[in-house]
Amino acid sequence: MARLLEGKPLAEKIKEEIKHDVLALKRAPVLASIQATDNPGALAYIKSQKKTAESLGIEYQLHDLGKDVAEEGLTELIQKLNQDKAIDGIIIQMPLPAAIDYKKISQYISPGKDIEGMHPANIGKILFGKAKLVPCTAAAAMELLISSGVDLYGREVVVVGHSEIVGKPLSLLLLDRFATTTVCHIGTSKAGKLEEHVKRAEVLIVAVGKAGLIKGEWIKEGAIVIDVGINRVADKIVGDVEFEEAEKRASFITPVPGGVGPLTVTMLMRNLVQAAK
Ligand code: NDP
């Protein structure tokens, strides 16, 4: 039976380190959060970010532009926050109004204040093994994996999902640790090859958003399984991996909820302190 890789205890440990770093700064670092939505999920997420920030001695400054803001309103605010020396980091809350393209807008954030790690300059640094601001979910998955004590050198690692916020940055971080990294995506599934890749994974990381995509019986005996997926099924939150069967075969597995999720906001705060430094 697998040991659980839980996010909360690790998040608590990292929060202690963040508090330490905040004290060393001798001032409260400031996180500017841009909101252009009244989506209840987003509002709950903002509330949780604020609570976490304040518990760590970080000032959380919310800029609510309203859900009808135009692109110019958003870019103007970003420019203002870029120039404001009192602001250490900027986050744009999702979703944005339908007419606004997040990918385009996020590039206006100055790379040094890009605490979501999505600016091309920061993504580029991952390629060179010099990343300071890493996309939070990829960083959270990596921290959980490392906490298992695994030596990634030469390991067969399979990442399922190649999104810009999780799968792609994660695959680069894994390569940097000399893992033999395979990235699977929709093309792999359509070619009928997902099962064969998953079956040989010593480490499996799944970030797709499809409940039951990874069959429990595919998990290699002793594998480490990091399930990033979040899916609502009949009022329950589940991941992308069939947990009950996978748990019997894996050596370590993340629960969903309670695995990667609780670490993500902590990673955002760690990036903020990094940006403040
Ligand atoms: P995206 O939708 O951006 O990416 C999903 C990826 O999965 C894409 O690369 C997609 O390929 C691929 N994919 C889709 N269907 C299949 C399939 N049948 N077989 C193999 N690959 C497939 O999602 P995100 O990366 O943003 O998020 C992934 C999951 O992680 C979601 O469930 C999300 O809720 C969760 N998440 C969890 C977080 C946390 O804090 N725990 C934070 C962020 C996300 P293609 O695009 O080519 O179709």
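## Exercises on a predicted model

Strand β5 (residues 156–160) is largely enclosed by the rest of the structure, because four of its five residues are buried. Keep in mind that this is a predicted model. Now let's work through it.

**Exercise 1.** Find out which strands pair with β5, and in which sense.

*Solution.* Start with strand β6 (residues 180–184): five bridges join β6 to β5, and the two run parallel. To see where they line up, look at valine 160, which stands opposite cysteine 184 in β6. Next, go to strand β7 (residues 203–206), which pairs with β5 over four bridges, again in the parallel sense. Here valine 157 has valine 203 of β7 as its bridge partner.

**Exercise 2.** Decide whether glutamine 93 is buried or exposed, and find what its side chain touches.

*Solution.* Second, check its relative accessibility: the value is 2%, and buried means under 20%, so glutamine 93 counts as buried. Third, pick out polar contacts between side chains: glutamine 93 makes one with serine 33 (2.8 Å) and one with tyrosine 60 (3.3 Å). Finally, leave aside neighbours within four places in sequence, and the residues in contact with glutamine 93 include Ile34, Gln35, Tyr45, Ile46 and Gln49.

**Exercise 3.** Say how far apart the centres of domain 1 and domain 2 are.

*Solution.* The domain assignment gives domain 1 as 27–110 and domain 2 as 136–262. Taken over C-alpha atoms, their centres are 30 Å apart.

Note on methods:
Residues are numbered from 1 along each chain as its sequence is written. This is a predicted model: local features need pLDDT of at least 70, side-chain atom pairs count only at pLDDT 80 or more; totals for chains, interfaces and linings use all residues. Side-chain values use heavy atoms; hydrogens and water are left out. Buried means under 20% relative accessible area, exposed over 50%, partly exposed in between (1.4 Å probe, protein chains only). A polar contact is a pair of N or O atoms within 3.5 Å; within protein, one must be able to donate a hydrogen and the other to accept it, and residues adjacent in sequence count only if both atoms are side-chain atoms. Contact means heavy atoms within 4.5 Å. Domain bounds come from an automatic or database domain assignment. Two strands pair if DSSP finds at least two bridges between them.
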